[in-house]
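Q: Please take a close look at a single part of this structure, and set it in its surroundings for a reader new to the model.

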Amino acid sequence: MTEIRFYHLERQPLEKVLPQMVARSLERDWRVIVRADSDERSEALSTLLWTFSEEAFVPHGTKADGNARLQPVWLTPDDDNPNQASVIFFVDSLPGEQVDGFERVVILFNGSDAVAVDRAREKWKWAKAAGHEISYWQQDESGRWLDRATA
């Protein structure tokens, strides 16, 4: 079964969390997909990955760049896996019921958005019923991610 991690964004916005998580994935030699809701959102996240740090470099691409299979990180609204990623990040929406083919699914959701929280709860129930390995993560006061629930 697929490992599904829910990250409840309360202390830091997506723009701070996502680049760090993607960079850590690359350090582990994982190929990554970042699923956004549109090509425009993918391009905005691409700009973020280029500019989030002067010290870090996150190699990545979008449809505008092409050569998806060569990109270690692919930002897209599409449901395919052209770079053979083992990890997928959902930043704007939740995955459908088909998460096979990925070792890890990361769901980042805004804790200030009641609708997003409710949707994440529903997806948690689905993932648990489907037998996936699931965990729920929150940041403590110092910014460290803590596993608050595992099922």
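A: Phenylalanine 89 touches Leu18, Met21, Val22, Ser25, Val32, Ile33, Val34, Arg35, Val106 and Leu108, leaving aside residues up to four places away in sequence; contact means heavy atoms within 4.5 Å. This is a predicted model, in which local features need pLDDT of at least 70 and side-chain atom pairs count only at pLDDT 80 or more, while totals for chains, interfaces and linings use all residues. Residues are numbered from 1 along each chain as its sequence is written, and side-chain values use heavy atoms, with hydrogens and water left out.

Phe89 belongs to the largest nonpolar core, which has 25 residues; Leu18, Val34, Leu45, Val73, Phe89 and Leu108 touch the most other members. Such a core is a set of buried Ala, Val, Leu, Ile, Met, Phe, Trp, Tyr and Cys residues joined through side-chain atoms within 4.5 Å. Buried means under 20% relative accessible area, exposed over 50%, and partly exposed in between (1.4 Å probe, protein chains only). Among the elements that each supply at least two residues of this core are helix H1 (14-27), strand S2 (32-35), strand S4 (87-90) and strand S5 (104-110). Helices (H or I, at least four residues) and strands (E, at least two) are DSSP runs, numbered from the N terminus. H1 gives the most to this core, with seven residues. A second, separate core of 20 residues includes Ile33, Val99, Ile107 and Ala116.

The helix H1 itself has 14 residues. Its buried residues are Leu14, Val17, Leu18, Pro19, Met21, Val22, Ala23, Ser25 and Leu26. Just after H1, aspartate 29 takes a positive phi of about 65 degrees.

Seven of them make an open sheet of mixed pairing, in the order S3-S2-S4-S5-S1-S6-S7; two strands pair if DSSP finds at least two bridges between them. S3 and strand S7 (145-150) are the edge strands, each pairing on one side only. S1 and strand S6 (residues 133-139) pair in the parallel sense over five bridges, and glutamate 3 stands opposite glutamate 133 in S6.

Tyrosine 7 lies in strand S1 and tryptophan 145 in strand S7, so their pair ties together parts that are 138 residues apart in sequence. Tyrosine 7 counts as buried at 7% relative accessibility, and tryptophan 145 is buried with a relative accessible area of 19%.

Conventions: The expected span of a helix is 1.5 Å times one less than its number of residues.
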